[in-house]
Amino acid sequence: MTSLSELSSAVKQTDEDSTKQFIRQLIINAEEHILLHHVNKLLAVPMFQNIIQIPTPEPSGQIKKGFAETCYSTTGWPYKLGSRIIGPRGCTVKAIQVLCGCSIRLIFLNDNLLKIQILVEADYESIVKFKIWKAFQLIYCLLRIDPSGEDMVKIIQFDDLKFYENQVEIIKNCFTTQQPYHSDINDASAVSSNDYSVVKRFSLEMLNVLERHMVPYHMNKLLELPMFRDIFSIPSPAASGRVKLGYAKRIYSALNYPFNIASRIMGPRGLTIKVIQILCGCRIQLRWKKMNVLQITVFTEKNFESTVNFKLWRAFECINRLLKIPPTGEDVIKAIQFNDWKFYKSQYELHKIRFPNQYLRHSDLDSVNVLLCKQNSATIQNVLNMFTKLEENMLLYHMKNLLSLPMLQNILYAPHPRRSGEIKEASAMKIYSARHYPFDVAGRIIGPHGLTVKAIEKTCECRIHLKYEKENTWKVTVLAENDVDSILKFKIWKSFQCIDYLLKVYPYDEDFVGAIQYADSRFWERQMEIIYNSLPAHDSHELLLNEHDVKSLPQSECCPFVASIPVQLNRVELTDSVHSAFCPYPFCHSSTNYYSSKMTSLSELSSAVKQTDEDSTKQFIRQLIINAEEHILLHHVNKLLAVPMFQNIIQIPTPEPSGQIKKGFAETCYSTTGWPYKLGSRIIGPRGCTIKAIQVLCGCSIRLIFLNDNLLKIQILVEADYESIVKFKIWKAFQLIYCLLRIDPSGEDMVKIIQFDDLKFYENQVEIIKNCFTTQQPYHSDINDASAVSSNDYSVIKFNTSSFVELYV
């Protein structure tokens, strides 16, 4: 039997929710009433009355949609132009839309120009023109300055705004919305509302994982269709022509199709367009040029002319077949997209049940549900705490990686100036043109999941704001506050120096910032995959046994097409892990039947969680070690480039492209005797870092073949390129190997020191990673108790924050 305090808390919670909903409904009703009141008051003004009384013309002409636009300068008016047209709570622009039967858009092109667009639904041509004319006439009357000096529009708008504020104040004063007091902080309802933002971020990350898992499934469904199978059965042509970037665009009219062409190309959650981009190796951009005109632009990476043209053709051919109107009336593509959308929606609903923002209450007699609910609430809270710590540690990890770059170290460790001036706020702005960079400017500054811009803000103690301007430019504003003038200027200077370095275009395609951001983004995605796959397969809201049972979706909605997955799929194979990610909820019938057939006791649930714990822990450790190897490789490259003999070779500029396009191959042999070290180990380096570094710096592949005990053959292989470039890459690789093997006359072996330091560093990181986790199973005295399934059993929750920071900081 639950206590009266719990019953009281449940009643208070229900009362608070219903009160808030009632207040929202009252405010919505007040807005509707004020809109009607505002329309009547405007119609009482003679200049509006004269326009509205003009009779509608007779229907004539073709039936079509209407569109018109005009521009106004925002300077020279005694009021704000946009606010005048919009009115209080949007009442004025809504009134014009109601009176004229149209839609109105306001677009601020810049600080001094406002574009007004009028859109009218399909009707006879004479009616469409009349509605557009009437809307512009009403806007003209709104903006008209009365010679008598009496501004009736301003008076009406001001009165209605005050009336609305009074109504809202009266409504809010009629109700109290204080938070209930929780006597027991361990109760599930005691979870504060501050956890909502964490729940929202966590849910978005889990749904992103679900979308990534859905891409190969959607791909396979499309490739089963003959129309797409024919396209991708055509082999790529042989490489020919010059190397260039790919770019092409086409115009499609929406009036020629019985469906929304943009939605058709995008697909559910953007799956269809992602599939085309992956299969064709391109990027696709959709942009509405006019009312019913869609411009589709396709971009490809630099490649041979024949390959670029083939990729562009294949992408547009896929789009054309997507938009092909089915002659029989059976739209297979629509059915696939609709089924995938229903599947995503069902998974989204189940995820909301799994991680609710508010926790459900159960009746006193339902003791099993009480135990399960407490266990589930504790599990959810622990997972969210782990997610929050992972976000914090990821930011520290990203900062550590960025600070490994020498230029950023010099900027951030620059000495502070003397404190002078008054305490105030300061800001500065800088414009960056996206045309000057081979990457996305905003994406580079923001970084994966906003980590880069957060790192700059934290280290420079400022705030950064990005805004897209016209003609492919980005306006970056840096704000600093609460300090003296000299320190504020220093913080702003330091921020822009960091941004400039982030946007620096590296020679020889050595983009270290891009490499760090890509590696950290992949690391974050892997952690989200591990968490997603490690989530418990059952929770209390899916296993309710009484009248409060949450209705589980039937099989047709929960997994509408899992049974139809073919055994052998064309081109893309679905692994078991992807299949299990599609259906993380194995129940498809009622929760009571599932509980009685699959989970006869809590001890089985405990065993299942323990097994998941051990597997996910091993997988998490492997991913951390892989990431550590990637980080050490980047670190090793930087240390080798600091050695003068390597630096001299890398700084030699690449020659101009000349000669035929062909692959490159060269080999040489070294005797393994007579060296003060092992020749093969010297070239390979710790964990293969040295040979990988040479391959990255030279753009080639290197093979080491031991012919016998005393002879080592080194082969250099280069992908197809111009003859001069191929020869230069081979020469550079052999020069770097020669420098590696060179014995310094001074006796100081810098290569050996670097390799030894990096090997010890790697071993220390692996040791720290393994010490971060405990793989022993906890002993539970009572396996039937719900508490035996503790939150500590999850490997992602056994995350040691201090060790993680030690690992990367």
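**Close-up 1. Helix 25 and the glycine after it.** G699, with a positive phi near 65°, follows helix 25. This is a predicted model. The buried residues are C689, T690, I691, A693, I694, L697 and C698.

**Close-up 2. S724 in helix 26.** Helix 26 covers residues 723–741 and includes S724. Is S724 buried or exposed? S724 has a relative accessible area of 17%, under the 20% limit, so it counts as buried. Its side chain reaches the backbone nitrogen of S658 at 3.0 Å. Leaving aside residues up to four places away in sequence, S724 touches P655, E656, P657 and S658.

Close-up 3. The whole structure holds 29 salt bridges. One of them pairs D160 with K41, with 3.4 Å between the closest N and O atoms. This pair links distant parts of the chain: D160 belongs to helix 6 (residues 152–173) and K41 to helix 1 (residues 4–43), 119 residues apart. D160 is buried, at a relative accessible area of 2%. K41 is partly exposed, at 25%.

Close-up 4. D485 and K489 form a salt bridge, their closest N and O atoms lying 3.4 Å apart. Why are the two residues about one helical turn apart? They are 4 residues apart in helix 17 (residues 485–502), which means a separation of about one helical turn. An α-helix has 3.6 residues a turn, so residues three or four places apart point the same way. D485 counts as buried, at 18% relative accessibility. K489 counts as exposed, at 53%.

**Close-up 5. Strand 8 and its end.** Y468 lies in strand 8, residues 463–469. Y468 is partly exposed, with a relative accessible area of 45%. Which residues does Y468 touch, not counting those up to four places away in sequence? They are T473 and W474. Y432 is 36 residues from Y468 in sequence, and the two C-alpha atoms are 9.8 Å apart in space. E469 forms a salt bridge with K475, the closest N and O atoms being 3.7 Å apart. E469 is partly exposed, with a relative accessible area of 23%.

Close-up 6. A search of the whole structure finds 14 aromatic pairs. One of them is Y397 with F523, an edge-to-face pair at 5.4 Å centre to centre and 65° between the planes. The pair links distant parts of the chain, 126 residues apart: Y397 sits in helix 13 (residues 367–403) and F523 in helix 18 (residues 512–534). Both Y397 and F523 are buried. In another group, F202, F387 and W524 make up one aromatic cluster.

**Close-up 7. Arginines over rings.** Two sites are shown here. R250 lies over the face of F316, 4.3 Å from the ring centre. At the other site, the charged end of R444 sits over the ring of F439, at 3.9 Å from its centre.

Conventions: Residues numbered from 1 in each chain as written. Predicted model: local features only at pLDDT ≥ 70, side-chain atom pairs only at ≥ 80, totals over all residues. Heavy atoms only, no water. Buried < 20%, exposed > 50% of the residue type's maximum accessible area, 1.4 Å probe, protein only. Contact = heavy atoms within 4.5 Å. Phe/Tyr/Trp six-rings, centres within 6.5 Å; stacked < 30°, edge-to-face > 60°. Lys NZ or Arg CZ within 6 Å of the ring centre and 35° of its normal. Polar contact = N/O pair within 3.5 Å; in protein donor to acceptor, adjacent residues only side chain to side chain. Salt bridge = Lys/Arg side-chain N within 4 Å of Asp/Glu carboxyl O.
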